[in-house]
Amino acid sequence: MDVTLLLILLFIGAVATYFSGNAIASKVALFFSVAALGVSLALLNQFSQGTDISFSAQWIKNPNVLFALKADGLSIAMVLLTTALTPLIVLSGFGNNFNNAKNFYALVLFMAFAMIGTFLASDGFVYYIFWELSLIPIYFIALIWGNGDAEARKKAVIKFFIYTFAGSLFMLAAFIYLYQKAGTFKWDVLVGLDLSATEQFWIFLAFFLAYAIKIPLIPFHTWQANVYQKAPTIGTMLLSGIMLKMGLYSVLRWQLPLAPNAAKELQYIIIGLALAGVVYGSIVALKQKDLKKLLAYSSLAHVGLIAAGCYAMNMDGLRGAVLQMIAHGFVIVGLFFAAEVIYRRYETRTISEMGGIRQQTPKFASMFMILVLASVALPGTFNFVGEFTVLYSLSTENMVFAVIGGTTIILGAFYMLRMFQHAMLGETNAKMFADVTVSEGIVFVAIIGFLLFFGLYPKPIIELITPSIQEILVHVK
Amino acid sequence: METSLVLLLLLAPFVGFLSNVFLGKQFGRTGSGVLGTLAVVASFIATVIFFMQVNSTKEAINIHLFDWIAMGKFSIGFDILLDQLSLLWLMFVTGIGALIHLYSISYMHDDENTHKFFSYLNLFVFFMIMLVAGSNLLIMFIGWEGVGLCSYLLIGFWYKNQDYNDAAKKAFIMNRIGDLGFLIGIFIIGYLFNTLDFVALKQAILAGNGTANLALIGTAALCLFIGASGKSAQIPLYTWLPDAMAGPTPVSALIHAATMVTAGIFMITRLNFLFELAPDVKMIIAVVGVFTALVAAAIGLVQNDIKKVLAYSTVSQLGLMFLALGLGAYEVAVFHVITHAFFKACLFLGSGSVIHALHGEQDMRNMGGLRKAMPVTFITMLISTLAISGIFPFAGFWSKDEILLTAFHGNTVLWVLGSIASIMTAFYMFRLMFLTFFGEFRGTEEQKHHLHESPALITVPLIVLAVLAAIGGAINLPGNNWLNHYLAPLFKGHEAHHLDNTAYMLMGIATVGALIGIGIAYSMYISKKQVPEADDKVQGLHKVLANKFYLDEIYMAVIVKPIYALAKFSRDYIEKGLSNIVFGFGTVADGLALQGKKMQNGNIGFYLFAFVFGLCSIVYYLFFVR
Amino acid sequence: METILKEIGVETYLYLSALLFSIGVFGILLRRNAIVMFMSIEIMLNAVNMMLVAFSTYHQDASGQVFVFFSMAVAAAEVAVGLAILVSIFRNHGSVDIDNLKNLKG
């Protein structure tokens, strides 16, 4: 059994969902996503026993392209993040009635397929194809099933598409250049290339543009808040929970090993940019009126910190960044889902129109509270493990970085608690707030359970990712 | 055996928390309270067993539960360290905690969310145990943030009132400012010593490993002190504590007087070997401590809310403890922490009893003459007030005297300031007593009608605490110094002060000072029967004090408002600007396309001309230029 | 044939062919009637054909003349299609003046 099984399963799942009909599409999609989770856990089991689950075959002779999927700890961790979140994301759609549900859920599965491909690909060409492929489903999901004014939505989504696509083209150019030098797109060969300082500089910049837009780092983030707000919540979850991590993962997998010297030269500038995003995102989040937009800016702040950890380029930074990627993936999905749960009942995302919800549903309030606390990295949650490790790595680079990055624990608490206070607390709202349904409850409990368990016992994940990070560091050093 | 007992100690409150969260409604109001109390009592019993053991063997218990976080150069385990210091702390955390739980069964009986209250209290005790018993800085940090969370939840317990929620949020955020300092301190320590474990740290420092960079160690100590000043409400981060009185009174007693706010003192005492390397930081601690003591006492002079007076008195007493820490007299600070826990918990619970009797009235101007109606509350509070004022032979006398004695030997200015603070303490505490319990009742007729002594569940904890407040000084009487000997393994050779003439003289001065404070209060509120004026009539210095030196307003204007303004500016202008730059690319492309469109004018003649011209140019280039 | 080339010289053919080509070019650029322009294109085509024949003789290689046959055949087909288009344009517009044909304007 190797990782292609996972890709095939998800692809078949997407097709099967498409042909299943609108009535049962969501259940078919849930079935396949759970199956994918099962397969990925089985693969993890095989991997941890030392079996090789990678796959490689010649795909195109000229240019020389291998269909190569490499599974190391890092890829598997990201694949597991995807396969674990996909069922939850599908399940979170059970309370919505989508037009053309079969198309919708087929696109969701297809997107999972493309993102897993991105995480696994070890051939630049295949990687690029999956990278771009993942953009297509989210474009349609956001455009067709999004909310708000259709014209404004179209504008935001097309901007997002063209922006990220344009960024990626620079990456393609860099890959083509590397192919000219190496005669192959294979990761192992490419990272072994001996590139001059100028070459590294331009390659680094080309990759940086693609990733900075995807992650996003300021000032390339302007697509984010609008798309998050306008996309359907499931789309937002896919974007924020997994797709952002594609950018961060790619920094670790491709950018740093390919152009380590350039990375070191530009390190301070880029960490500075990332940390500016932490502070800026937090401050802008303070005064957001729309709950989803607030969460979007909080996401900007958090990924800024993760990116800073990536570019710290030491063991703690990389490891903390991966841990925080996983933790943030879960917590942001949970938070967006909480926003959706409120929207289903109140039909508003404006924070000032909420309030007093806690009195009506203490259960939902508690779960939302735990997610808020995880998001502000309270010790005991998984987010703390990641954030602490990242901040520590920054402090070993430069204490100033740690102080600036650390403001997130103050500002994060500021905007999150402020939001929680106005959305959930206060006098009982006149509008009825029905208690959470079973499917909603399952999503919350799964996410919270994950965050708390690995917050106290992150060892399995740390042990899974450490060897592959060491390998990356060998290329970086 | 040892491990399971440690787990019992640690997890009993947590189990209490879980069962109250999930099953609390089924247990009923009393049931959930009893469950919560029993959970803490279980911890207390386990603590007593360990305490006896360590007291006889003199050896710390260090238990490794499991690996937690692996860092590049070191790993952090989930370890528990039960040594003299942590057990001492656990004794009064679980002991007073159990009493306050017991008290709450009656106090919170009429609340609709009793089970939630007890689950939060249990969770608090759990995190407090983590804070105290953690064997490294990061476990301590779990507890540190955890108690902050519980404080947030409990201050905002009556969440329908947005003012209370504001107070809760403020407490959490101000604590987090300190926590950032704490974290940075942890980072520096990790960077310097490659360990966060207390025992290993102490060994490294005593062996002189990693101590070369004294400037960095000083920075670490300062950062840790910032953390401590957030949690223990010191200048400039103290303003959250008075606001935290929005929570139910047992919470104020447990969290905001006896236990959580002493966490900063615990941390500095725990890391005393580190602070010993940073004399400058110790000086800062002493100065901050004494100024906090003064400022808070001054504000406390004019407060009219009974809980606010106690809150400022807590800040002031914590300042005195920091003064002792700054002077290197850790065991003296610990001594005062313990006696303070006794009498301040008693005072808060007493004030809760009063508030309970008056159905929520907290303004002392509407009280008076309660001593006949509530004799037990009156007597217990009187004992505690005598203790906090430093009257012989109550507990506070001994511990406060030790602090002032240390200050006198350290720096006379600090001693003078500290003494002024304690004179003010005596004044405002007796002002509280006189206004509440003496004179005529000033409340409504209906309240007067319902005046009653509180039930036994409330008075028993009061009596126990009052007894402790009376005799608690016995643990470290001069000449006996049991506490000093008990804590001796933790500190390197700090001599106890001898009972010489200076000591007697200082005791005398302190007592006279306290009596002067009491006398002024007596003459104002008993002889002249003054009642504080309404808030809008106060003037001059009095007004400044009543408005807490306008510190909240200053913070609002200098920090919060600018941040909001910046947030608004970023949201409305910077975001738009950045977005427009991106759209700018689109606009430029659009403009170019418009220009290009003009070429496509549909005139075939023009196309042909362009074609021929192009061909000619190519030919010209190929044949004549190259 | 060689004798003719010896008497007149291959350059003369080139000059003539260049002259014819230029006449064609100027015809295309200056005239507005599509049929006249079409004729100009034919002149240019024939100029090239003549050059091919001349060089074919010069190099003593028959393949050049074979190409000319090809190109004449293609030109004939092209004329047929082109004239058909022009007829259809005339039917639609009532003229074949290219200044009136601006439907391709972007």
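The model is predicted, so local features need pLDDT of at least 70 and side-chain atom pairs count only at pLDDT 80 or more, while totals for chains, interfaces and linings use all residues. Residues are numbered from 1 along each chain as its sequence is written, chains are lettered from A and ligands numbered from 1 in the order in which they are written, and side-chain values use heavy atoms, with hydrogens and water left out.

Select residues 135-425 of chain B. An unreviewed UniProt entry annotates this span as "domain: NADH:quinone oxidoreductase/Mrp antiporter transmembrane"; such annotations may be inferred rather than shown by experiment. The span is 77% helix and 0% strand, and its end C-alpha atoms lie 36 Å apart.

Next, colour chain B by its domain assignment, which is automatic or taken from a database. Domain 1 comprises 293-305 + 342-546, and domain 2 comprises 555-625. The C-alpha centres of these two domains of chain B are 74 Å apart.

Now display chain C with chain B. Their contact (heavy atoms within 4.5 Å) involves 12 residues of chain C and 11 residues of chain B. About 910 Å² is buried between them, 72% of it from carbon and sulfur atoms; this is the accessible area (1.4 Å probe) lost on putting the two parts together, summed over both.

Then select helix 2 (residues 10-30) of chain C, a DSSP run of H or I with at least four residues. This helix supplies 3 residues, the largest share of the side of chain C that touches chain B.

Terms used. Helix = DSSP H or I, 4+ residues; strand = E, 2+ residues; numbered from the N terminus.
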